[in-house]
Amino acid sequence: MRNKPLRSLSTVRAGETVKLARINAGQGLKSRLTAMGLVPDVEITVVSNNHPGPLVISVKDSKMMLGRGMAHKIMVI
């Protein structure tokens with residue numbers, strides 16, 4: 001069985017559910033995202049991904065908005 005390739009959260013289409021693999025950022029952003037519930041293996045559903053605006057995601061029954069730059073650093077499978 002082949003592993004799915006990692007991709008940036010910013011490329012995920014609305015309605016898709018993915019799993020967080022890693023965050024390619026500094027310790028400050030990693031801590032902030034962890035406090036928001038974005039930890040390894042958590043399932044993320046993209047509610048809205050309208051360019052050029054922010055992404056709206058759903059994590060553990062909570063909706064939140066992420067800026068495009070932040071979403072680009074979150075790697076998912």
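# Exercises on a Predicted Protein Model

Leaving aside neighbours within four places in sequence, Gly37 touches Val42 and Val59, where contact means heavy atoms within 4.5 Å. The exercises below concern a predicted model, in which local features need pLDDT of at least 70, side-chain atom pairs count only at pLDDT 80 or more, and totals for chains, interfaces and linings use all residues. Residues are numbered from 1 along each chain as its sequence is written, and side-chain values use heavy atoms, with hydrogens and water left out.

## Exercise 1. The setting of Gly37

Determine where Gly37 lies and whether Gly37 is buried or exposed.

Solution. Step one is the location: Gly37 belongs to the loop between H1 and E3. Helices (H or I, at least four residues) and strands (E, at least two) are DSSP runs, numbered from the N terminus. Step two is the accessibility: Gly37 counts as buried because its relative accessibility is 18%. Buried means under 20% relative accessible area, exposed over 50%, and partly exposed in between (1.4 Å probe, protein chains only).

## Exercise 2. The order of elements

State how many helices and strands the protein has, and give their order.

Solution. First, the count is 2 helices and 6 strands. Next, reading from the N terminus, the order is β-β-α-β-β-β-α-β.

## Exercise 3. The overall form

Find out whether the radius of gyration agrees with that of a compact globule, and describe the extent and surface of the protein.

Solution. Begin with the radius of gyration, taken over C-alpha atoms; the globule rule is 2.2 Å times the number of residues to the power 0.38. For 77 residues a compact globule would have a value near 11 Å, so the 12 Å of the protein agrees. Along the principal axes, the C-alpha trace spans about 35 × 30 × 25 Å. The accessible surface is about 4,900 Å², and carbon and sulfur atoms account for 53% of that surface; these areas come from the Shrake-Rupley method with a 1.4 Å probe, and for residues only the protein chains shown count as cover. Of the 77 residues, 36% are buried. Finally, among contacts between residues at least 6 apart in sequence, 56% join residues at least 24 apart.

## Exercise 4. The nonpolar core

Identify the residues with the most contacts inside the largest nonpolar core, and list the elements that give two or more residues to this core.

Solution. A nonpolar core is a set of buried Ala, Val, Leu, Ile, Met, Phe, Trp, Tyr and Cys residues joined through side-chain atoms within 4.5 Å. The largest such core holds 20 residues, and those with the most contacts inside it are Leu9, Leu33, Leu38, Ile44, Ile57, Leu66 and Ile74. Two or more residues come from each of strand E2 (17-23), helix H1 (27-35), strand E3 (43-49), strand E4 (55-59), E5, helix H2 (68-72) and strand E6 (74-76). Turning to one member, Leu33 touches Ile23, Leu38, Leu66, Met70 and Ile74, when residues up to four places away in sequence are not counted.

## Exercise 5. Backbone geometry in the loops

Name the residues joined by a cis peptide bond, and give the phi values of Asp41 and Asp61.

Solution. The background is that most residues other than glycine have a negative phi, and most peptide bonds are trans. The cis bond joins His51 and Pro52, with omega about 0°; Pro52 is in the loop between E3 and E4. Asp41 is not a glycine, yet its phi is positive, about 75°. Asp41 sits in the loop between H1 and E3 and is exposed, since its relative accessible area is 55%. Asp61 also has a positive phi, near 65°. This residue, Asp61, occupies the loop between E4 and E5 and is exposed at 82% relative accessible area.
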